[in-house]
Amino acid sequence: MDHFDYRDGHLFVEDVPIADIADAVGTPFYCYSSATLTRHHDVLADAFAGRDVLIAFAVKANSNIAVMNTLARRGAGAALVSGGELRRALAAGVPGDRIVFSGVGKTRAEMGLALDAGILQFNVESEPELRTLSEVATARGITAPVAIRINPDVDAKVHQKITTGLRENKFGIEWTLAPEIYAHAATLPGIRVVGMSVHIGSQLLDLAPFGQAFARMRDMVFRLRRDGHQIDILDVGGGLGIPYDDQPSPGPEAYAAAVFDGLGDLGCKLVLEPGRMIAGNAGVLITRLLYRKEGALRTFYVVDAAMNDLLRPSLYDAYHHILPCRRPSPGTVNIEVDVVGPICETGDTLARQRSLPPMAEGDLMAVRTAGAYCAVMASTYNSRPLVPEVLVADDRWHLARRRLEIDDLLALESRPDWFGGDGGA
Ligand code: LLP
């Protein structure tokens, strides 16, 4: 469920007409609904009610501090993969003891920042990382709380670019080697083992691979406990898929049942790292039709948003629904169009052969399910500055990130002084 609906023929986010925001901030822009974010958080929390569970929002999905703050106020923590995300989580008011940190390439500096913030746990992904973390913690006279991220060699059956739990993937430590790694961890002075973590991929629409991964985790917990290790926290990662294309997706209840079936009786605190499931349907990208162009074979809607603003269709052939912001009158006959951006690449296509109503230059449209992995993956390709992000709550809206200007980008660059003078050509 979300809070983007037509009223009197105009698309609203909660109680705010999208067109009003577009008039104020210009297009393109991202727009998020607080009510949808909190609802998605709360239904997941309800499915785990009565358990010792931390919902650590995967910051990589949407790292805007207004979004994170909205979730933190509901009790959510943060799942990180970089020092930058840590800075954002802290800026959003997420307490250190609700933060977990994964990633195969944590630097010493990032480890230091996270230790200083007193995070709940590091999900360690290799033996060299374990040694380095021990050194960084020892230099501070403390121990780092560690879960080893195991790679369970389970096929999540998702797009190959976002599957993470196969042996061939760079993530985690081969699960069969876990006893050795834990034994090594126990000898390191800066390491305090607290648990185990797993994350097998993203946008899973089938729960069976979760079940397989949890079963491997479960067997390993028994084995490690027999070896004398303390395993108190199980981090099950993220990955629950959402319906981009109206395809059925498992709900939080079914997901919770899979977690309980696999791991519920082990007496551990559970950490969940959902990203897409919370933020995906809570955001839209609003764009304006620049030109309707009749090609030799196709009609193109050339819009002012492009692949630099929303990369998913170009990178993963991802499907996003597109809605006109003014509801077409009954009886309108749709036409088939390609929705494309201004960037000089054929890959800059937001939707291919899509059935949309006839639209006029200047009309607004909403690209749906754009709350996760959209604004965060934007770039300034073609020198297109990053677009604003707006957060709506009831009838209020807040400019959560202003539009970058080309001057902001130019201010980061300079000409070499060896050309002398004004550097003129
Ligand atoms: N935890 C870890 C360690 C992860 O690597 C990820 C996502 C998550 C949690 C959150 O997964 P979620 O609940 O959102 O599925 N850019 C891609 C998605 C990449 C996901 C990477 N890892 C996309 O646009 O589909």
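Ala, Val, Leu, Ile, Met, Phe, Trp, Tyr, Cys and Pro count here as nonpolar, Asp, Glu, Lys and Arg as charged, and the others, Gly among them, as polar. With that in hand, welcome to a predicted model, in which local features need pLDDT of at least 70, side-chain atom pairs count only at pLDDT 80 or more, and totals for chains, interfaces and linings use all residues. Residues are numbered from 1 along each chain as its sequence is written, and side-chain values use heavy atoms, with hydrogens and water left out.

**Around the ligand**
- The shell around the ligand holds six nonpolar, seven polar and five charged residues.
- Both domain 1 (4-31 + 280-410) and domain 2 (95-274) contribute residues to this shell, so the ligand lies between them; the domain bounds come from an automatic or database domain assignment.

- For His199, a polar side-chain atom lies 3.4 Å from an oxygen atom of the ligand.
- In Lys60, a side-chain N or O atom is 3.3 Å from a ligand oxygen atom.

**Lining of the largest cavity**
- Six nonpolar, four polar and one charged residues make up the lining of the largest cavity.
- Among the lining residues are Leu44, Tyr255, Glu273 and Met277, and lining residues have an atom within 4 Å of a point on a 1 Å grid over the protein atoms alone, a cavity being a set of points where a 1.4 Å probe fits but cannot get out.

Methods. A polar contact is a pair of N or O atoms within 3.5 Å; within protein, one must be able to donate a hydrogen and the other to accept it, and residues adjacent in sequence count only if both atoms are side-chain atoms. On a 1 Å grid over the protein atoms alone, a cavity is a set of points where a 1.4 Å probe fits but cannot get out, and a pocket is an open set with protein on both sides within 12 Å along at least five of seven lines; lining residues have an atom within 4 Å of a point.
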